[in-house]
Amino acid sequence: MGIQISELTTEDLAELVALEQRCFTEPWSQAMFENELENSLAHWLLCKDKQGKILGYIGFWMILDEAHITNVAVDVEFRSLGIGKLLMNTAIMQATLLKAIRMTLEVRPSNAVALRLYEELDFKLYGRRKAYYENGEDALIYWKQLEK
């Protein structure tokens, strides 16, 4: 499968929002993604196939020397192909180039697939936010020390 990584543009928004809605029970709105395009802290990467279809995406904020992953998703029909790992590794590389020395994210304890990926990528569990998500589920807080 020929794939490419590109940055999010306004032309991608409708397809990105549709993918977001397929992947999450509490999806971000189009307005939220539009705000991200205007946010100087935000960095968004898309994984697309040869025809330009979005297979997955990742977003993170660069705050001082820390990268905070805000969202990551892979379309259901393209999961288990390594796209999530590719997106994570690309975001880690980009954050490192932007002088991040650590990276963080929140994840649902029920998301076993994501937990395995983050731990495989050497993220470490550092805490829990009680009732973080709208459905009352906690968030696990993971951190990764990046190479200098």
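The model is predicted, so local features need pLDDT of at least 70 and side-chain atom pairs count only at pLDDT 80 or more, while totals for chains, interfaces and linings use all residues. Residues are numbered from 1 along each chain as its sequence is written, and side-chain values use heavy atoms, with hydrogens and water left out.

Twelve salt bridges were found in the structure. The criterion is a side-chain nitrogen of Lys or Arg within 4 Å of a carboxyl oxygen of Asp or Glu. One of them joins the side chains of aspartate 75 and arginine 22, at 2.9 Å from N to O. Aspartate 75 sits in the loop between strand 4 (66–74) and helix 3 (83–97), and arginine 22 sits in helix 1 (residues 13–23), so this pair ties together parts 53 residues apart in sequence. Helices (H or I, at least four residues) and strands (E, at least two) are DSSP runs, numbered from the N terminus. Aspartate 75 is buried, at a relative accessible area of 3%. Arginine 22 is partly exposed, at 47%. Here, buried means under 20% relative accessible area, exposed means over 50%, and partly exposed lies in between (1.4 Å probe, protein chains only).

A second salt bridge links lysine 124 to aspartate 122. The closest N and O atoms of this pair are 2.8 Å apart. Lysine 124 is partly exposed, at 42% relative accessibility. Aspartate 122 is also partly exposed, with a relative accessible area of 41%.

Aspartate 138 and arginine 128 form another salt bridge through their side chains, at 2.9 Å from N to O. Aspartate 138 belongs to the loop between strand 6 (124–129) and strand 7 (139–145), and arginine 128 belongs to strand 6, so the bridge ties together parts ten residues apart in sequence. Aspartate 138 is buried, at 14% relative accessibility. Arginine 128 is partly exposed, with a relative accessible area of 43%. Salt bridges also connect Glu26, Arg108 and Glu137 in a network.

Cysteines were examined next. A disulfide is a covalent bond between the sulfur atoms of two cysteines. Cysteine 23 takes part in no disulfide, and its nearest cysteine sulfur, that of cysteine 47, is 13 Å away. For cysteine 47, the closest cysteine sulfur is that of cysteine 23, and the 13 Å between them is too far for a bond. Cysteine 23 is buried, at 17% relative accessibility. Cysteine 47 is buried, with a relative accessible area of 0%.

Helix 3 packs against helix 4 (residues 112–120) at an angle of about 45°. Their axes are 11 Å apart. Axes are lines fitted to C-alpha atoms, for helices over the stretch in contact, and angles run from 0 to 180 degrees between N-to-C directions. The two helices, helix 3 and helix 4, are therefore oblique to each other. Angles under 35 degrees count as roughly parallel, over 145 as roughly antiparallel, 65 to 115 as roughly perpendicular, and the rest as oblique. The crossing of helix 3 and helix 4 is right-handed. Helix 3 contributes Gly84, Lys85 and Met88 to the contact, and helix 4 contributes Leu117, Tyr118 and Glu120. Contact means heavy atoms within 4.5 Å.

Backbone geometry was also considered. Most residues other than glycine have a negative phi. Leucine 64 is not a glycine, yet has a positive phi of about 55°. Leucine 64 lies in the loop between strand 3 (54–63) and strand 4. At 80% relative accessibility, leucine 64 is exposed. Serine 80, likewise a residue other than glycine, has a positive phi near 70°. Serine 80 lies in the loop between strand 4 and helix 3. Serine 80 is exposed, with a relative accessible area of 80%.

Leucine 98 occupies the loop between helix 3 and strand 5 (102–107). Leucine 98 is partly exposed, at 36% relative accessibility. Leaving aside residues up to four places away in sequence, leucine 98 touches His43, Phe60 and Met62. Leucine 98 and lysine 48 are 50 residues apart in sequence, and their C-alpha atoms are 23 Å apart in space.

Definitions and conventions. A disulfide is a pair of cysteine sulfur atoms within 2.5 Å. A crossing is left-handed if the near helix is turned anticlockwise from the far one by less than a right angle, and right-handed if clockwise.
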